[in-house]
Amino acid sequence: MPSNSKKDKSIGSSFQAQTKYRRGSLPSKTGKPVASYKVYANPLEVDALPVPALKGGKGLWKTLASGRASIPEGGRLKQRDISQILWATAGFTYGGQRTHASAIPLAGVETYLVVQQVEGIFAGVYHYNPREHCLEYISRDDPHKALQAALLDNADIDACAAVIAYTGLPSRIDDGIKSRAYRYLYLEAGAAAQCAMMATIDLDLSASVRAEFYDDEFSRLLQIDGVSEFPLCVVTLGT
Ligand SMILES: Cc1cc2nc3c(=O)[nH]c(=O)nc-3n(C[C@H](O)[C@H](O)[C@H](O)COP(=O)(O)O)c2cc1C
């Protein structure tokens with residue numbers, strides 16, 4: 001864990017205390033309509049993904065018992081694996097809800113895919129559009145250098161075929177003074193990352209969750225401002 005002595009060491013406990021709900025002083029709801037997910041007006045290109053399988057697999061108990069994080073060892077991923085993992089982590093259920101647990105009906109997190117080695121998908125940075133189950137191409141630059149520089153503990157990045165990145169938009173959480181928005185975003189991203197991990201285990205692929213990155217560098221890679229929308233965590237994917 002990098003140390004930063006200038007930072008307020010009590011910020012965590014202060015955040016927790018200041019966002020407590022107390023009887024008799026709950027924040028009022030704004031009732032303001034919120035966007036359900038990000039829509040890119042002019043993506044460089046839109047790549048449809050194969051229809052995800054909604055049946056089959058190892059079975060939940062077996063998947064849970066099968067393993068946890070594992071380090072990618074190189075090799076390419078298939079487009080249909082990426083499709084399955086993206087659906088599992090951030091797609092829609094039969095009932096029109098998100099696959100991961102979410103604090104608001106359509107979630108406060110967005111999902112991006114940084115591609116290095118995936119059959120049928122060019123290297124670059126993509127936004128996952130859950131409604132259309134497609135990828136919106138937002139950068140054609142080779143992401144390898146920026147990815148390697150942005151992630152701490154980046155030893156396995158060369159061997160990693162793709163990275164899923166989750167970002168949070170606190171303005172999505174319709175909570176009056178927004179006191180709980182950040183709590184919800186962290187929880188949602190964790191839930192989404194866990195769904196991605198389960199999918200990769202089911203597909204006999206490798207994945208690990210990372211939350212150690214240089215925030216501003218990662219924001220630049222995803223072309224987000226880092227303030228109204230910021231990175232929360234990533235899942236590295238490989239074979
Ligand atoms: C929320 C979260 C964030 C993590 N961030 C990092 C990270 O940035 N770098 C890292 O090497 N491991 C990180 N890990 C740990 C790895 O994902 C993995 O769990 C670890 O390498 C140990 O593997 P194990 O779960 O099989 O014990 C994180 C795990 C979680 C749940």
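**A guided view of the predicted chain**

The protein chain contains six helices and seven strands, where helices (H or I, at least four residues) and strands (E, at least two) are DSSP runs numbered from the N terminus. The structure is a predicted model, in which local features need pLDDT of at least 70 and side-chain atom pairs count only at pLDDT 80 or more, while totals for chains, interfaces and linings use all residues. Residues are numbered from 1 along each chain as its sequence is written.

Along the sequence, the elements follow the pattern α-β-α-α-β-β-β-α-β-α-β-α-β. With 239 residues, a compact globule would have a radius of gyration near 18 Å, and the protein chain agrees with this at 18 Å; the radius is taken over C-alpha atoms, and the globule rule is 2.2 Å times the number of residues to the power 0.38. Along the principal axes, the C-alpha atoms fill a box of roughly 55 × 45 × 45 Å.

The strands form an open sheet of seven, in the order S1-S4-S3-S2-S5-S7-S6, with antiparallel pairing. Strand S1 (45–48) and strand S6 (206–210) are the edge strands, each pairing on one side only. Two strands pair if DSSP finds at least two bridges between them. On average, neighbouring strands of this sheet are turned by 25° against each other, direction ignored. Ala207 stands opposite Leu237 in S7.

Two helices lie across this sheet's strands. Helix H5 (residues 181–202) lies across strand S2 (109–115), strand S5 (162–168), S6 and S7, and runs at about 5° to S7. Helix H6 (residues 215–222) lies across S2, strand S3 (124–129), S5 and S7, but runs at about 75° to S7. Axes here are lines fitted to C-alpha atoms, for helices over the stretch in contact, and angles run from 0 to 180 degrees between N-to-C directions; two residues are in contact if their C-beta atoms, placed from the backbone, lie within 7 Å.

The residues around the ligand are Arg68, Ala69, Asp153, Ser208, Val209, Arg210, Ala211, Glu212 and Cys233, each with its C-beta atom, placed from the backbone, within 6 Å of the ligand. Four of the shell residues are nonpolar, one is polar and four are charged; Ala, Val, Leu, Ile, Met, Phe, Trp, Tyr, Cys and Pro count as nonpolar, Asp, Glu, Lys and Arg as charged, and the others, Gly among them, as polar.
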